[in-house]
Amino acid sequence: MNNYLLMASDLHLERGGQEILRGVTLEIAAGQVYGLLGRNGSGKSSLAYTLMGCAGYVPQQGRVFFDGQDIIRLSITERARLGLTLAWQEPARFEGLKVQDYLALGMREPSRTRMEEALEAVALSPSTYLNRPVNEALSGGERKRIELAAVYAMRPRLAILDEPDSGIDVLSLDDIGQLIRRMAGEGTSVLLITHRDEMVPVADAAALMCEGEIVRVGDPAEVRRHYAYHCRPCEVAASVEPPGGGYERL
Amino acid sequence: MSDFEAILKAYERSGGDPNFFRSPKVASLVISGNRVLGANQVPGVHIVPEEIEHGVRVKVIVEPEARLDVPAHLCFGVIPAEGVQEILPEFEIGAGAKAEFIAHCTFPNAVKVKHFMEARVHVGKNATMKYNETHYHGETGGVEVIPKAEVTVDEGGRYTSEFALTTGRVGKLDFDYVVDVAARGVAELVVKVYGYGDDVISVKETIRLNGEEARGLAKSRIAVRDQARSEVIGATEGNAPYARGHVDCIEIVRDQAVASAIPVVRVRDNRAQVTHEAAIGTVNKKELETLMARGLDEETAVDVIIRAMLAV
């Protein structure tokens, strides 16, 4: 069991009378980039919040171990101090907080060099952005990049990146892929959550999530192929499914 | 330690640089209680203080077309634990002049101190006045501060005031500024206060846009926690053609604190436009969790969010 940096087993989460996670089990090895693929509404973000310990996301059942330690009762702060962090799909904005201060918050030893390196890693110019506030004046894409830079600057042991590619133009997807590999190269494991199958090749291992369940685990190319060719939204699958099957529920 | 050194030391603790008061090139004024400990004039600026029973009456005149290369520095304080201080300033900024004032009001040992300021300000035609006032009240909450100002901005003039009380206890604050703005004039009032314990905060900002194309912004950023109370009244009147005004209030509330905001917009000319926005609430959950996911504990994360808001 201790070979995995993160081990989640049989997670069940119910919110508002609806079962969001239905027995999710996930294992991420140290140094691994793990792609979690699934359509919108499949429960990927809820899983991310559950792993991070966000308010309202305490599972009714299941365990989460981080580096062998049961973290299910730990606060977000305690989990972060163990080396776990999350980049939100839609990052928060902070009126009055400059990018450089925001980046420094998560760094054990804040240094300008590391901040500049982090911004450059997400293709933002340090001279333009370090003194800008993390507020509404930033576009969604800029804010997203700054969030990724903050996580990268932090050097976490495991970074959960929730849809890091959303709000980023298609031509820049390679930047995100390179950043993820760079993080892995510096020893950070990554849980890459995405609904874009073209992001999956960056991963070492992958899983497919559907309606709160992990329905497939394995080689990223195989999981991607399965997602691309077999998965349709449930209502589409129901209307086109030939007798004997062909499409999977998703 | 002399009274002069004691007040400068308190000034330094409140975030100011005491060296400005030792420089002959910087216009400055130092008042402790009702005593004038220092006043320095520079070409184009006249500072005429007069000690009165409980404070100081002071006339500050900036000559027309004068330009202050370095902001004038003002220091008001009461060092003993108890006392009353009345500051009655009169600012006359001549036409076309440009002047900036940095004021620090410090009451580091206050147990029962009352600081009362009643200012009259006249910003002449096409003149600019910027007034930044920072308070430090110590940690006991034994201060009552009543800053009041009546400001007149002539045609094309510009008046900017920023009042900050974000370090140490507030005690009781009753802030009341009224600005009348003539044609093409601009007024900007900004108040930032962080209250806790049983602090009581009252902020009234009134901007009357009386001239054509006059513009005004009444902005407040307030944070309260524990049992603190705050009430903000931001009022802007559009009384002339093409006047443009805005009231902008954000308050963060924690614990058992209570905050209220009353934006008042009044338009007397159908070509004028005045808008307002007010938001009161607790710290945004996503902002909080984002900072906690960087390793900050909840208390520190809240403080970072509040201080960032107050920095705007």
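**Exercise 1.** State which domains the assignment gives for chain B, and how their contact is made up.

*Solution.* The assignment, whose bounds come from an automatic or database source, gives domain 1 (3-283) and domain 2 (284-312) in chain B. Taken over C-alpha atoms, the centres of domain 1 and domain 2 of chain B are separated by 28 Å. The contact takes nine residues from domain 1 of chain B and nine residues from domain 2 of chain B, where two residues are in contact if their C-beta atoms, placed from the backbone, lie within 7 Å. On the side of domain 1 of chain B that touches domain 2 of chain B, the residues divide into five nonpolar, one polar and three charged; Ala, Val, Leu, Ile, Met, Phe, Trp, Tyr, Cys and Pro count as nonpolar, Asp, Glu, Lys and Arg as charged, and the others, Gly among them, as polar.

The model is predicted, with local features needing pLDDT of at least 70 and side-chain atom pairs counting only at pLDDT 80 or more, while totals for chains, interfaces and linings use all residues. Residues are numbered from 1 along each chain as its sequence is written, and chains are lettered from A and ligands numbered from 1 in the order in which they are written.

**Exercise 2.** Decide whether B:Lys114 is buried or exposed, and name what it touches.

*Solution.* B:Lys114 counts as buried because it has 20 C-beta neighbours inside 10 Å, the classes being buried at 20 or more other C-beta atoms within 10 Å, exposed at 12 or fewer, and partly exposed in between, with C-beta atoms placed from the backbone. Not counting residues up to four places away in sequence, B:Lys114 touches B:Val84 and B:Glu144.
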